[in-house]
Amino acid sequence: MKALLVTERQALRETVDHHLAPQGIVVIHYDNPLKAMDNIVEIDPEIVLFSARDFPRHWKPFLIFLRNHRERRSAVFVLLTPTQFDSDEAAKAQHLGVNGIVRDSLHEPSQRDKLKAIVRRYKKIEDHRTNQRYTPDESDRMIFVFSHPLHCALITGTVLDISGDGLRFDPFRPKLVADLEPGTIIDQAGLRIGDETLHPICRVVSAEKDLRLTFQSMDPEDRGLLLSHLAGRVLAIR
């Protein structure tokens with residue numbers, strides 16, 4: 001799948017690449033909206049991300065041109081805006097056929113989640129980071145603790161590996177988790193990554209040689225933080 005990103009900012013390019021590439025999306029960059037418009041038919045992108053901050057006078061003619069060639073389900077157009085974006089401009093964007101408006105502060109998990117949600121309404125994308133398992137080291141400062149759902153003992157140990165789906169955990173006192181049956185829900189847990197602490201609800205997969213847990217549910221912002229961290233670590237060791 002191809003995405004066209006129109007922006008002048010290198011930092012925004014890097015952020016978009018970092019978060020879309022692991023989902024199998026090839027990002028093509030243009031820092032000139034007129035050249036991007038000239039090549040739009042040849043590029044034939046399924047997603048267009050256009051910076052309204054960088055090109056406030058160009059996004060409307062670009063969107064009109066795109067909609068003359070591709071309808072909303074065929075080519076997803078997401079307008080990346082500054083935090084303060086005029087409501088009249090937003091209304092014009094809706095009238096012209098924009099698929100969604102997202103703040104360009106894509107370092108924020110909430111904005112990344114919003115962008116992905118808009119794209120997923122129209123396109124099927126796979127998050128390849130979800131199933132990639134990563135073995136943390138000291139630099140991750142990763143700690144996982146939880147309260148036993150039956151007798152409330154505090155369980156601590158070592159995270160052996162982790163993915164966006166769950167983790168494998170070696171408890172310091174294995175006898176304390178020997179009675180955990182597959183399917184048991186752990187709803188009092190904390191996963192620390194660096195300076196951030198996430199609070200996933202987990203489900204026990206296995207408690208034999210080590211404890212295997214899946215993330216049953218997680219706050220979208222927490223999930224964004226986890227996936228961003230994993231993507232950065234996996235890419236760093238390639």
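**Burial and contacts**

A: Glu89 has a relative accessible area of 17% and is therefore buried (under 20%, with exposed being over 50% and partly exposed in between, for a 1.4 Å probe and protein chains only). The model is predicted, with local features needing pLDDT of at least 70 and side-chain atom pairs pLDDT 80 or more, while totals for chains, interfaces and linings use all residues. Residues are numbered from 1 along each chain as its sequence is written, and side-chain values use heavy atoms, without hydrogens and water.

Glu89 sits in helix α5, residues 87-96 (helices are DSSP runs of H or I, at least four residues, and strands are runs of E, at least two, numbered from the N terminus). Leaving out residues up to four places away in sequence, Glu89 touches Trp59 and Lys60 (contact is heavy atoms within 4.5 Å).

Arg9 is found in the loop between β1 (2-6) and α1. With 25% relative accessibility, Arg9 counts as partly exposed. Beyond its neighbours within four places in sequence, Arg9 contacts Ser51, Arg53, Asp54 and Asp104. Of these residues, Asp54 is joined to Arg9 by a side-chain polar contact of 3.0 Å (a pair of N or O atoms within 3.5 Å, one able to donate a hydrogen and the other to accept it within protein, with residues adjacent in sequence counting only if both atoms are side-chain atoms). Arg53 is 44 residues from Arg9 in sequence, and their C-alpha atoms are 10.0 Å apart.

Helix α1 covers residues 10-20, and its buried residues are Leu12, Arg13, Val16, His19 and Leu20. Viewed down the axis of α1, these buried residues fall within an arc of 145°, so they line one face of the helix (the arc is taken from the directions from the helix axis to the C-beta atoms).
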